Amino acid sequence: MIDRYHLRYFLSVVDTGNFSRGAAACNVSQPTLSVGIAKLEKTLGRSLFDRSNRRVALTDAGARLVASARAIEAGFAEAERAVAETAPVRTLRLGVLVTTPRRWIERLLADQRSAPGGDRLEIVEGKERDLRERLARGRIDLALTLLRDGDPPEARLKLLGEGYALALGQAHPLAGTPVIRAEQLVNDPMIVRRHCELLPETSRFFTTRGVRPVFAARTTSDDKALSYVRAGLGVTVMPEGFREDGVVLAHLDGFDFSRDIGLVFAAHADAEALRHGWLATSLARAVEPPAPD
């Protein structure tokens, strides 16, 4: 027989990524959690985790169990709330691509205060690959990320299509130039956004045009990249959604890449309900470009 605590231990390891953090989340010792997982595996007759690597990974059987385990745990929680006559609180686990403007999330959180039902929001940041892995393993319910051609239509919701621009400080000599050629930047230091999804393409774009810039800074923080640009330390290439005071976005001639941003839903999630829920509606508003002055 499967006990509830077996499933709670299992989900805790899934959500935290390893046995030690899973045990801490359940307020038990790691040996206690390991014994519980072993009992669950024995009951099911299947291994649920691949322990051969440094990171704990779900087996195929474990991946199939995730959705059922979450549904069972949600049923237990709902029963407890019904007995206690308390209003149900749903936790939505949202993955957020690191290369999205903080302004979008600030707008979303402002909307959350008036969201119906009082949903609790849990945000997990990551690169696209990390978010995709978390979706596949059931660790998040949906992700605000790049959309790909292989995404099933029923598992995605497009929110925005945008290009990339050259970010310059307002005091830069080219700040008033609407279209800038790469050759005009031959003497400009550049800021490297190390987590940019187009980093190799950006490097090739400049080198094929004979521009080999000095790198004034390397950062994984877009906020810092914007601060460096604003202060005149250098220029950088960013998605057009990064509109900030003191930073001018100009079109970079020949740099015609674009990206689609939207929501991708996990297999265990009710995609149709999320598609029409407050979270998707709020994010659609949040990513809208500001009206021109």
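In strand 9 (residues 215-219), Thr219 is the bridge partner of Arg193. Strand 8 (residues 190-193) and strand 9 run parallel and share 4 bridges; strands count as paired when DSSP finds at least two bridges between them. Between the two strands the chain passes through helix 7 (residues 199-207), and this β-α-β crossover is right-handed (clockwise from the first strand over the helix to the second, with the strands pointing away from the viewer). Helices (H or I, at least four residues) and strands (E, at least two) are DSSP runs, numbered from the N terminus.

This is a predicted model, with local features needing pLDDT of at least 70 and side-chain atom pairs pLDDT 80 or more, while totals for chains, interfaces and linings use all residues. Residues are numbered from 1 along each chain as its sequence is written, and side-chain values use heavy atoms, without hydrogens and water.

Now to the helix packing around helix 1 (residues 4-16).

| Pair | Axis angle | Axis distance |
|---|---|---|
| Helix 1 and helix 3 (residues 30-44) | roughly 110 degrees | within 9 Å |
| Helix 1 and helix 2 (residues 19-26) | about 125 degrees | 8 Å |

Axes are lines fitted to C-alpha atoms, for helices over the stretch in contact, with angles from 0 to 180 degrees between N-to-C directions. Helix 1 is therefore roughly perpendicular to helix 3 (65 to 115 degrees), whereas helix 1 and helix 2 are oblique to each other (neither perpendicular, nor under 35 or over 145 degrees).

Contact (heavy atoms within 4.5 Å) between helix 1 and helix 2 involves Tyr9 and Val13 of helix 1, among others, and residues including Phe19 and Ala25 of helix 2.
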